[in-house]
Amino acid sequence: MSGRGMRGAAAGLLVAVVVLAAAGCSNNNSPSSEASKAASAASSVASRAGGVVASATAKAQKELDRVKGGVNAKGDIELGAVTKDGDRTAVPVTATNSSGSKASYAVQVDFRDPGGNLLDTVVVTIDDVDKGASKKAKARSNRTLSGDVKADVARALRH
């Protein structure tokens with residue numbers, strides 16, 4: 001989650017708590033105490049979300065680093081429409097082998113919100129695509145994503 005997304009989440013949570021406190025919730029905490037608790041909670045949520053994305057990004061990088069002798073093949077990859085797959089977000093990935101021999105692909109797919117903020121990233125492999133042929137796979141998010149999610153090819157290696 002970007003700084004802007006984290007600030008938005010924190011601000012939304014802060015506003016909700018301040019409104020509840022101002023409306024006379026029957027606790028003995030002051031509005032400033034409630035606001036402080038809300039800011040702390042929002043910061044914790046934002047930190048965990050950022051940690052999840054960082055972990056997924058590190059995992060994707062590690063998977064791509066295992067590919068030896070790979071060449072950039074983003075032009076060989078096409079993504080379909082983003083859909084829900086149970087509690088996850090998914091997108092069909094098609095690799096069309098433009099090389100002169102059978103090849104395999106490692107494709108990093110980024111899931112983003114409408115503002116371009118990274119929500120999740122995954123690597124999908126597509127093995128043994130004959131020259132000139134196409135083969136499909138599905139990229140599925142690591143976690144539940146909500147809202148309008150877009151997908152893009154971050155990296156694609158043909159090997």
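Two strands pair if DSSP finds at least two bridges between them. I also keep in mind that helices (H or I, at least four residues) and strands (E, at least two) are DSSP runs, numbered from the N terminus.

**Entry 1: ground rules.** I am working with a predicted model, where local features need pLDDT of at least 70, side-chain atom pairs count only at pLDDT 80 or more, and totals for chains, interfaces and linings use all residues. Residues are numbered from 1 along each chain as its sequence is written, and side-chain values use heavy atoms, with hydrogens and water left out.

**Entry 2: the overall layout.** I looked up the elements and found 2 helices and 8 strands in the protein chain. Along the sequence I read the pattern α-α-β-β-β-β-β-β-β-β.

**Entry 3: the open sheet.** Which strands form the open sheet, and in what order? I noted 4 strands in the order β1-β8-β5-β6, with antiparallel pairing. At the edges I find β1 (71-72) and β6 (118-129), each of which pairs on one side only. I then followed β1 to its neighbour: β1 and β8 (residues 150-158) run antiparallel and are joined by 2 bridges. For Asn72, I found Leu157 in β8 as the bridge partner.

**Entry 4: around β4.** Next I turned to β4 (residues 88-96), which is joined to β2 (residues 77-79) by 3 bridges in an antiparallel arrangement. Here I see Glu78 with Thr94 of β4 as its bridge partner. Strand β3 (residues 83-85) also runs antiparallel to β4, again through 3 bridges, and Thr83 has Ala90 of β4 as its bridge partner.

Which residue takes a positive phi in the hairpin of β3 and β4? I found Gly86, with phi near 70 degrees, in this hairpin with 2 residues between the strands.

How many bridges join β4 to β7? I noted 7 of them, with β7 (residues 134-140) antiparallel to β4. Across this pair, Thr96 stands opposite Ser134 in β7.

A reminder to myself while viewing strands: in a regular strand the side chains alternate between the two faces of the sheet.

**Entry 5: whole-chain totals.** I looked up burial (buried means under 20% relative accessible area, exposed over 50%, partly exposed in between, with a 1.4 Å probe and protein chains only). Of the 159 residues, 31% count as buried. For contacts (heavy atoms within 4.5 Å), I noted that 67% of those with a separation of 6 or more are between residues 24 or more positions apart. The accessible surface, from the Shrake-Rupley method with a 1.4 Å probe, comes to about 8,700 Å², and 54% of this belongs to carbon and sulfur atoms.
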